[in-house]
There are 2 protein chains.
Amino acid sequence: MPSIRDVARLAGVSISTVSRVVSGSANVEKSTRDRVLQVVEETGYRPNLNARSLRSRSGQLVGLALPKIVHDTFATIIHHAEKEANRMGYGLIIGNTNDDPERERAFIQDLLARHVDAIIFSRVSDASHLPDRVRERGLPIVVIDRGIEHDSIPSIETDNYGAGKMVANMFLQGGHRRIATVTGPQIVKLVRDRDRGFLETLEKGGVTVAPEYHVESNFEYEGGVLAGKQLLELESLPTAIWAQSDMIAVGLLKVFQAAGVRVPDDVSLVGMDNVPVSKMVTPALTSVDQSFEEFCRRAFYIIHEQLEDPTYQPPETLVQIPSSIVIRESFRNLT
Amino acid sequence: MPSIRDVARLAGVSISTVSRVVSGSANVEKSTRDRVLQVVEETGYRPNLNARSLRSRSGQLVGLALPKIVHDTFATIIHHAEKEANRMGYGLIIGNTNDDPERERAFIQDLLARHVDAIIFSRVSDASHLPDRVRERGLPIVVIDRGIEHDSIPSIETDNYGAGKMVANMFLQGGHRRIATVTGPQIVKLVRDRDRGFLETLEKGGVTVAPEYHVESNFEYEGGVLAGKQLLELESLPTAIWAQSDMIAVGLLKVFQAAGVRVPDDVSLVGMDNVPVSKMVTPALTSVDQSFEEFCRRAFYIIHEQLEDPTYQPPETLVQIPSSIVIRESFRNLT
DNA sequence: TTCCGGTATGAAAACGTTGTCAAGTTCGTT
DNA sequence: AACGAACTTGACAACGTTTTCATACCGGAA
């Protein structure tokens, strides 16, 4: 691995000059520039990013903390984050926090020890004070997917209230009156936002969700299976259900099919996330699409700005991205 | 962020001593060690890994190159790789090569510029000479999932021939005679291995797969959909199909269900990979399970050994991990 | 007492960069 | 002809570590 010293020697110039050429910065005469560039080409020289980071505090590296990896949502986030990072010349170092505060802490420590340029958090434990600690170090940090209420830390999330509202309106217009919903854990703010948007809009449309039709679960397939069984034990099924994740919806679908309940003939089903599976199951799931690509784009934009100008503050600290409904087979109008 | 200098000052010792204490290496008196350790504790000092890497060529970082990210298989690999990396104190930097040689090259360049300790490749383009280039730099490199034929670069893959054989035997014992298979792209070695294991074993059992029952596809859902449509146009359907990936199997299932073909009553279906979806669809998929966890464990083991002792060579350059069949609902015996 | 081997410590060089500063050059202006 | 301004270049000090190498100390053997 050639170093800047080798290039300098071979090109017959000083180290400083090589540095200037490769960082493309200052004034250097065309002839010398060409000579250096040629040597760089020949030797395949690449600046050692560790040295660069050590000296100039920018290693072109950003950390991404996720609560889970084998999960369509987060795989999608990784994918778009990697894409954006690549586009902007950053490397991406990923950690799985597993929703465990201890691992969160350890991973952040590691990122700090590596002197990453910035950190993107997807879902911190709500209680965590980690983002503050990071902030103190002066590192740009952005929270995506699960916003936090904080004056100075930018969050990017879906307009969850709006999503709930949208689904509620679709249900109302479809003539549904016996409506159920399976939510994620109510401790999570985004769950409550979705729930409020959904329930308030139904209320406005003259429909109340019965308590036994309002079931709390987790976002996983298994959660959906459990919730489905619970619903099947009731006197009568609702005509439409909104599940706060596609995994939940798939779980519901699975137990309904096992029980001979037809979707959407007996009960309509709408999921959320629009993950790949939603189009693979039969019937294909109607689902609320969140633009994770947009999340990542915005996150990197903010990071990039803050890196250029440390005093930069995004215009609003909480960005809410609108979502949309992807219509497939699992929902039908009653009328 | 306190530096080793700060710790030294606060503890009233030299930089060297602090270094010795934190790297836990040489002889240092208990009293001084304790004093240093306490200061480390109080200040929250963490060694700057960039500096360490610069000086001692070990940044505790390994690179993972994947052809795709939004894909259950690779998400699973990321998950286990992250877990192993974490366990052994490494950071993990991930890149999506998208099966594009140019991006592969660029990513590897980036890893080299970051002076990672080792590289794990999941699927190189078969043509690529990248691994050799990496090898020249003296970096440990391991290829997983899609082995390459190479004297000195260790590969870890499933015993694909064995997998094909296993499925074939299950089909034979189940009394199936009209058998089809949907494979991945035949350019890929692992596809040919699976295919050979499958076909040769059937042959041995007196069954020949008709040419129109032997369809080549890609590993994705869409490939399965296409293949399914193709099969439906034939005079008669096979009684059992092996799909070389679960995504293919799900695609087949989808079009079969749309066409009113019942699984497993009319046709049995077996997938491969045992990804999470396989248990979520109805009927749940019987699938060949590959132990990606084992892949990652072995990969890190080899890397670790090579890092400790650069002359270390794994006993065999191509490791084949046995697979197993997970029985679910999509397969039934004819007899 | 003298000397020697081991142990505990510190000073200083190196790793590969960037950025500051100063020193030449060149060229246009007065 | 003289004087700056602007441009081009190189020396050198960091950045935070690890790793020699040297030094000081201590106790035991001769």
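Which residues of H9(B) are buried? The legends below take up that helix and then other parts of the model.

This is a predicted model, in which local features need pLDDT of at least 70, side-chain atom pairs count only at pLDDT 80 or more, and totals for chains, interfaces and linings use all residues. Residues are numbered from 1 along each chain as its sequence is written, while chains are lettered from A and ligands numbered from 1 in the order in which they are written.

**View 1. Helix H9 of chain B and its cover.** H9(B) spans residues 189-204. Helices (H or I, at least four residues) and strands (E, at least two) are DSSP runs, numbered from the N terminus. The 16 residues of H9(B) reach 22 Å from first C-alpha to last, close to the 22 Å expected at 1.5 Å a residue. The expected span is 1.5 Å times one less than the number of residues. The buried residues of H9(B) are B:Val191, B:Asp193, B:Arg194, B:Asp195, B:Gly197, B:Phe198, B:Thr201 and B:Leu202. A residue is buried if 20 or more other C-beta atoms lie within 10 Å of its own, exposed if 12 or fewer, and partly exposed in between, with C-beta atoms placed from the backbone. Their cover includes helix H8 (160-173), strand E6 (179-183) and strand E8 (240-243) of chain B. B:Gly206 follows H9(B) and has a positive phi, near 85°.

**View 2. The two protein chains and their contact.** Chain B superposes on chain A by a rotation of 180° with 0.0 Å of shift along the axis, at RMSD 0.1 Å. That is the relation of a two-fold axis. The same surface serves both copies, as 97% of the contact residues of chain B recur in chain A. The superposition is by least squares on the C-alpha atoms of residues with pLDDT of at least 70 in both copies. In the interface, 39 residues of chain B are in contact with 38 residues of chain A. Contact means C-beta atoms, placed from the backbone, within 7 Å. On the chain B side, E2(B) gives the most, with six residues. That side divides into 20 nonpolar, 13 polar and six charged residues. Here Ala, Val, Leu, Ile, Met, Phe, Trp, Tyr, Cys and Pro count as nonpolar, Asp, Glu, Lys and Arg as charged, and the others, Gly among them, as polar.

**View 3. The surface near DNA strand D.** 26 residues surround DNA strand D, and the closest are A:Ser14, A:Asn27, A:Arg55, B:Ile4 and B:Ser19. A residue is near a strand if its C-beta atom, placed from the backbone, lies within 6 Å of it. H4(B) supplies the largest share, five residues. By class, the surface has eleven nonpolar, eleven polar and four charged residues.

**View 4. The surface near DNA strand C.** Of the 25 residues around DNA strand C, A:Ile4, A:Ser19, B:Ser14, B:Asn27 and B:Arg55 come nearest. H4(A) gives the most, with five residues. The surface has ten nonpolar, eleven polar and four charged residues.

**View 5. The largest nonpolar core.** Of its 84 residues, A:Val62, A:Ile119, B:Val62 and B:Ile119 touch the most other members. A nonpolar core is a set of buried Ala, Val, Leu, Ile, Met, Phe, Trp, Tyr and Cys residues joined through C-beta atoms within 7 Å. Beyond four places in sequence, the contacts of A:Val62 include A:Ala85, A:Tyr90, A:Leu92 and A:Ile303. A second, separate core of 78 residues includes A:Ala180, A:Leu231, B:Ala227 and B:Phe256.

**View 6. A:Ser268 in strand E9 of chain A.** A:Ser268 lies in E9(A), residues 268-272. A:Ser268 is buried, with 23 other C-beta atoms within 10 Å. Beyond four places in sequence, A:Ser268 touches residues including A:His176, A:Thr239 and A:Phe331. The C-alpha atoms of A:Ser268 and A:Glu329 are 9.0 Å apart, across 61 residues of chain.

**View 7. Backbone exceptions.** Most residues other than glycine have a negative phi, and most peptide bonds are trans. A cis peptide bond joins A:Val263 and A:Pro264, with omega about 5°. A:Pro264 is in the loop between helix H11 (246-258) and E9 of chain A. The bond from B:Val263 to B:Pro264 is also cis, with omega near 5°. A:Gln60 has a positive phi, near 55°, and is partly exposed, with 18 other C-beta atoms within 10 Å. A:Asp145 has a positive phi of about 75° and counts as buried, with 22 C-beta neighbours inside 10 Å.

Notes. Two residues are in contact if their C-beta atoms, placed from the backbone, lie within 7 Å.
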